[in-house]
Amino acid sequence: MVSNIIRLSLGSMLFLLTAACVNKPLSNQKTLGKGKIVDTCRYYRYEAGQIISTLGCRNCHLAPDLELKDDRGWPTFRGLANMDSLKLIKYVFKEAHKGWYSKTGTFKASRMDTLNDCEIKGAIQYIKDAGRSIAIPSQ
Amino acid sequence: MPTDLIDELKSNISLLQNQPLSGGIVAKNLRISDNGSGELTLYGDFTITLKVLDLTTNGAPDLNSLMTFTQQVITSKLRGGGYKSGINFLKYNAVKKAFDKDKTWTYSIRYNFNFSVNVIQINMLNQLRGNDFVLAVVDSIGHQFTDQYGKRHYSGGLTNGKGGPAVITYDIWKKNRYLGVHEFFHTLGLDDIEDHGKKERLMYHLDDNTGQSISDTERGDMMHFIMGDLRRMLKGNYSNVSNNTIQLLRIFINNKTNGFKYNKAKFR
Ligand SMILES: [Zn+2]
């Protein structure tokens with residue numbers, strides 16, 4: 001319980017404060033613990049959703065519009081989901097957004113290139129899932 | 001944007017004819033107030049409508065009371081507006097009452113919205129429009145899911161993504177009266193919570209809830225979903241665009257992996 005809360009707040013602090021790990025290649029985050037390699041990257045839909053919410057992707061990439069692009073030519077959320085993952089990584093984390101999210105851009109406070117590999121992976125999976133119309137289960 | 005355009009035309013025509021707008025989200029008296037230092041307050045009067053389609057084999061005698069309860073809970077959860085900071089968007093020009101398409105800004109947004117919520121029963125598919133929200137009530141759901149701890153669970157309800165139709169099992173809804181609201185809040189964009197430390201939340205979905213609270217972030221996310229494109233604020237009125245609800249429901253309910261049992265004669 002406690003560790004989860006700590007993990008969540010650490011996640012958002014890292015997200016806001018760190019300026020390291022820019023544009024690392026996508027791979028599972030691995031940590032060395034007592035001689036063996038442990039894969040610590042797991043997909044939690046809720047936490048990936050929080051990353052998307054904090055980045056504010058949906059302010060401009062609107063859901064659930066049926067079209068892939070809006071009247072400005074910007075991809076809707078469905079449009080993002082429709083891109084393949086590699087294009088998405090390139091589009092989202094490297095080239096797109098007219099430099100708004102870069103170190104000197106107007107949105108530098110929420111720089112998406114400070115997410116770690118595991119967070120990026122989760123965010124991409126979350127976006128892709130939105131296009132697959134996966135049923136959201138309840139109790 | 002053909003669909004957008006058609007919806008836009010439809011809503012303009014119905015305004016001209018002085019008929020009420022229709023759809024899951026209808027908004028009037030929309031306006032923006034800019035405090036000049038990065039905070040926008042959005043005002044508006046919203047009507048949210050959820051249509052309930054009874055597909056049970058033996059009928060659902062408690063449906064009316066469940067719908068009334070659902071209407072009351074949705075109303076109370078949406079009350080009080082919402083707040084979201086760090087919203088990156090185009091810069092608002094309060095003099096021109098327009099968003100500058102070349103300048104950007106990071107805003108805090110106060111959603112000062114009033115909501116009126118309708119939960120109404122429909123009996124046939126032709127009472128459904130492409131931009132309606134729907135909750136179909138069925139006999140049972142075969143679908144199971146595995147939670148993040150590796151445990152399997154049956155689904156009492158299933159929602160087909162954000163904005164999409166929801167399906168709920170009548171008997172389970174009777175036992176957990178909040179289930180209808182839980183599913184509808186999926187439709188309004190919220191995700192399930194599986195963290196055992198958050199059992200008091202409405203969106204916690206692993207059977208042993210201790211409460212039904214909604215966080216400020218969740219309320220802000222719903223307001224944001226309901227309003228969608230901030231540029232729509234400028235038109236004063238708005239009703240949500242088509243999400244192909246009828247077609248989505250048809251595909252969703254016939255998808256064998258969901259395992260819905262219902263009275264097929266009622267689904268026409
Ligand atoms: Zn759920």
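Predicted model: local features only at pLDDT ≥ 70, side-chain atom pairs only at ≥ 80, totals over all residues.
Let's take contact to mean heavy atoms within 4.5 Å. Residues are numbered from 1 along each chain as its sequence is written, chains are lettered from A and ligands numbered from 1 in the order in which they are written, and side-chain values use heavy atoms, with hydrogens and water left out.

Let's stay with the interface. The size of an interface is often given as the accessible area lost when the parts come together. Here that buried area (accessible area, 1.4 Å probe, that two parts lose on being put together, summed over both) is about 3900 Å², with carbon and sulfur atoms giving 51%. The rule finds 10 residue pairs in polar contact across the interface, both residues at pLDDT 80 or more; such a contact is a pair of N or O atoms within 3.5 Å, where within protein one must be able to donate a hydrogen and the other to accept it, and residues adjacent in sequence count only if both atoms are side-chain atoms.

Now for salt bridges, each a side-chain nitrogen of Lys or Arg within 4 Å of a carboxyl oxygen of Asp or Glu. The count over all chains comes to 15, and 2 cross the interface of chain B and chain A. Asp71(A) pairs with Arg231(B) at 2.9 Å, N to O. There is also a network of salt bridges that links Arg45(A), Lys162(B) and Asp191(B).

Within chain B, Lys51(B) and Asp132(B) meet at 2.8 Å, N to O, in a salt bridge. Lys51(B) sits in strand 2 and Asp132(B) in the loop between strand 4 and strand 5, so this pair ties together parts 81 residues apart in sequence. Lys51(B) is buried at 13% relative accessibility, and Asp132(B) is buried at 3% (buried is under 20% relative accessible area, exposed over 50%, partly exposed in between, with a 1.4 Å probe and protein chains only). Asp54(B) bridges to Lys266(B) at 3.6 Å. Since Asp54(B) is in strand 2 and Lys266(B) in the segment after strand 12, the pair ties together parts 212 residues apart in sequence.

Then there's the core, a set of buried Ala, Val, Leu, Ile, Met, Phe, Trp, Tyr and Cys residues joined through side-chain atoms within 4.5 Å. The largest nonpolar core has 64 residues, and Phe46(B), Trp173(B) and Phe185(B) are among those with the most contacts inside it. Its largest share, 8 residues, comes from strand 4 of chain B. Not counting residues up to four places away in sequence, Phe185(B) touches several residues, including Ile74(B), Leu202(B) and Met222(B).

Finally, chain A has 6 helices and 3 strands, in the order α-β-β-α-α-α-α-α-β.

How values were computed. Helix = DSSP H or I, 4+ residues; strand = E, 2+ residues; numbered from the N terminus.
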